[in-house]
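Subject: Structure handover

Hi,

Here is the structure for your files. My notes on it follow below.

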Amino acid sequence: MNKLVISGAPHLHSPDNVPKIMWAVVIALVPTALTSVYFFGLDALVTISVAVASCLFFEWAIQKYLLKQEPTVTDGSAMITGLLLAFNLPSNLPIWMTILGSFFAIGVVKMAFGGLGKNPFNPALAARAFLLISFPVAMTSWPVIRPLFGESAMDALTGPTPFGFLKEGIAQGIPLSELMPQVPTYARKLVGAHGGSLGEVSAIAILLGGLYMLWKRIITWHIPVAFIGSAFVFAFILNSINPEIYINPWVHLLTGGLMLGAVFMATDMVTSPMSPKGQLVFGLGCGVLTVIIRVWGAYPEGVSFAILIMNAFVPLIDRAFKPRVFGK
């Protein structure tokens, strides 16, 4: 007797699968990777290679020898974790710290919870937070960038990131009107000619990847727009109250990890809400928390912590914005 076997919901047919989606995200990350290699040189290539290779190795080893599962490293998810982890690191970070971050991302944050689709927090961001708390000096030591075409080596920038420089100056009582002429122009921020982590320097490269993912329908507009929009509006309100101590909203958007976080981190399918309304709330929370941490927190960067905090609220957001059952 033949039995009719029905799989679990949802009962939708789609040509997409996990490897296809993951490798499309890898393609979307290519412009940012190329930009980082241009500005940070061989060190960037080494950091990216080590992060990707170690993430692939740890996932393969844990699945094969600890979980006794068929390794799934070819699905692209571990490679994305490696790329995003590298993009959240300075190019001169010691190799052993990069490997330690990969182990934390894959072994602790991802595989300890059951693997792909089961981790409550974004693995790359959690690893960045772990490294930042454990090795604050190494994680905030920024190398000299390569000059743009037509510039001399004297035009290359080093030291703190533009946002870190501004926040340090504000803490010393220096008004922003005196500090702003000393930071890179908006044009340099757009192309990536300023200090920072590998993947946060070029807003244009990040936006190109985001547009590709929107075109491929891998992500929707809800989280990036809510994230960027809420951060911009909140920063604009503060800047309007006192422009000498609260940084311009455009600086918030174009420096630090806000663009990278809004496009590639907060939109992680596993750790973000499922419904459009829930995604808007999630993005709103990320944007507001980012500005709060940046303005009043100890670190000049708040994107990682903001997204991780909102990751913890995703089950509650999904419950609050649960779609109505069909027919009810």
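Which residues touch the most other members of the largest nonpolar core? They are Phe87 and Phe264, in a core of 70 residues. A nonpolar core here is a set of buried Ala, Val, Leu, Ile, Met, Phe, Trp, Tyr and Cys residues joined through side-chain atoms within 4.5 Å. Buried means under 20% relative accessible area, exposed over 50%, and partly exposed in between (1.4 Å probe, protein chains only).

Before the rest, two points on the source. This is a predicted model, where local features need pLDDT of at least 70, side-chain atom pairs count only at pLDDT 80 or more, and totals for chains, interfaces and linings use all residues. Residues are numbered from 1 along each chain as its sequence is written, and side-chain values use heavy atoms, with hydrogens and water left out.

Helices are DSSP runs (H or I, at least four residues), numbered from the N terminus. Domain 1 (18-139) and domain 2 (161-320) each contribute at least three residues to this core. The domain bounds come from an automatic or database domain assignment. There is also a second, separate core of seven residues, including Phe163 and Ile247.

**Phe87 and helix H3**
Beyond its neighbours within four places in sequence, Phe87 is in contact (heavy atoms within 4.5 Å) with residues including Leu29, Ile48, Leu198 and Leu260. Phe87 is also one of the buried residues of H3. Ten of the eleven residues of H3 (residues 77-87) are buried, so the helix is largely enclosed by the rest of the structure. Its cover includes H1, H2 (42-66), H4 (95-110), H5 (123-134) and H13 (258-265).

**Two loop residues**
Most residues other than glycine have a negative phi. Lys68 has a positive phi of about 55°. Lys68 sits in the loop between H2 and H3 and is exposed, at 64% relative accessible area. Arg217 has a positive phi of about 60°. Its loop lies between H10 (203-215) and H11 (222-241). Arg217 is exposed too, at 76%.

**Surface patch**
Leu42, Leu45, Val46, Ile95 and Ile99 form a nonpolar patch on the surface, with about 420 Å² of accessible area together. Patch residues have over 30% relative accessible area and no salt bridge, and nonpolar side chains are joined within 5 Å. H2 supplies the largest share, three residues. Ile99, in H4, is partly exposed, at 33%.

Best wishes

Note on methods:
Patches are made of residues with over 30% relative accessible area and no salt bridge: like charges are joined within 9 Å, nonpolar side chains (Val, Leu, Ile, Met, Phe, Trp, Tyr) within 5 Å. Accessible areas come from the Shrake-Rupley method with a 1.4 Å probe; for residues, only the protein chains shown count as cover. A salt bridge is a side-chain nitrogen of Lys or Arg within 4 Å of a carboxyl oxygen of Asp or Glu.
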